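Visitor: I have a model open and want a quick tour. Can you take questions as I go?

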Amino acid sequence: MALSSNIIGVINFVAMLLSGPIIGAGIWLANEPDNSCVKILQWPVIILGILVLVVALAGFVGGFWRIPWLLIVYLVAMLILIALLVSLVIFVYMVTMKGSGHLAPSRSYLEYRLDDYSGWLRRRVQSSYKWDRIRNCLSSTSMCAGLNQSYRAPQDFFDAHITPLQSGCCKPPTQCGYTFVNPTYWISPINMMADTDCAMWSNEQTHLCYSCDSCKAGLLANLEKEWRRVDIILLITLVALICVYTVGCCAFRNAKTEELFRKYKQGYV
């Protein structure tokens, strides 16, 4: 019993360490400008990581101090958390599997369309109430202003690999035919009917294309890119947690078997 309990304690110490990547992924998301404006995935990930840490700590205490009821609580709670983590991994994969950028003529960067993305993601940005808050948050960042410092010549900007968010929010759509002055100042559009976003563009630096559908699409493209990275971290951690949990279940079963055998030898059974 003592050996199996110690093994359970060690296993749960490993589970405590595995909560680190989950919490770290959530904190990384929270510190990204786009995710900090949207606030969708980071808190569920952080909370799930903290719960894994707390449950693993309970299993660690129950293993080393041989508290059977605490080990049972650990086994049940960790199974629930693993199920939640599986659901989160699948959910993130499903909502990020659609959507990609489109090549623009004579441009190295891509442009983005809102209709390309999953309905669930689109609903996060389509309501005016939600988007007004997100737009104000995005416009307060320096992502567009920084382009003016980096690219002064038109061809330098056209050859740049800017982020989806910068492509959608900081400049007008290419098909509108605006003339480049600097990355956030464009004049003399040729085809205003090419896209509804053409009329939404403004050289006012707090406005730009923040009200455009292309900005919403760029935001979703950025979110997808970052969420996929987090999903890979969660998937790897999930596999490790399942392995740890399986070994823990085997050790707990062996501990109970040893206890029954000991009682049998002592004449209790």
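What follows is a short chat about a pocket, a helix and a loop residue.

Guide: Go ahead; keep in mind that this is a predicted model.

Visitor: How much space lies in the largest pocket?

Guide: About 380 Å³.

Visitor: Which residues lie nearest its centre?

Guide: The lining of the largest pocket has 21 residues, and E111, Y112, R113, Q175 and D195 lie nearest the centre.

Visitor: Which elements each supply at least two residues of that lining?

Guide: β1 (102-103), α9 (164-169) and α10 (213-266).

Visitor: And what is the lining by class?

Guide: Eight polar, seven charged and six nonpolar residues.

Visitor: Which residues of α6 are buried?

Guide: W131, I134 and L138. Those three cover an arc of only 65° around the axis, so they sit on the same side of α6.

Visitor: New topic. Where does T174 lie?

Guide: In the loop between α9 and β3 (179-182).

Visitor: Is T174 buried or exposed?

Guide: T174 has a relative accessible area of 17%, and buried means under 20%, so T174 counts as buried.

Visitor: What is T174 in contact with, leaving aside neighbours within four places in sequence?

Guide: A104, P105, R107, Y109 and E111.

Terms used
Residues numbered from 1 in each chain as written. Predicted model: local features only at pLDDT ≥ 70, side-chain atom pairs only at ≥ 80, totals over all residues. Heavy atoms only, no water. 1 Å grid on protein atoms, 1.4 Å probe; cavity = no way out; pocket = protein on both sides within 12 Å on 5 of 7 lines; lining within 4 Å. Points joined across faces, edges and corners; volume = space filled by probe spheres on them. Helix = DSSP H or I, 4+ residues; strand = E, 2+ residues; numbered from the N terminus. Nonpolar A, V, L, I, M, F, W, Y, C, P; charged D, E, K, R; others polar. Buried < 20%, exposed > 50% of the residue type's maximum accessible area, 1.4 Å probe, protein only. Arc of directions from axis to C-beta. Contact = heavy atoms within 4.5 Å.
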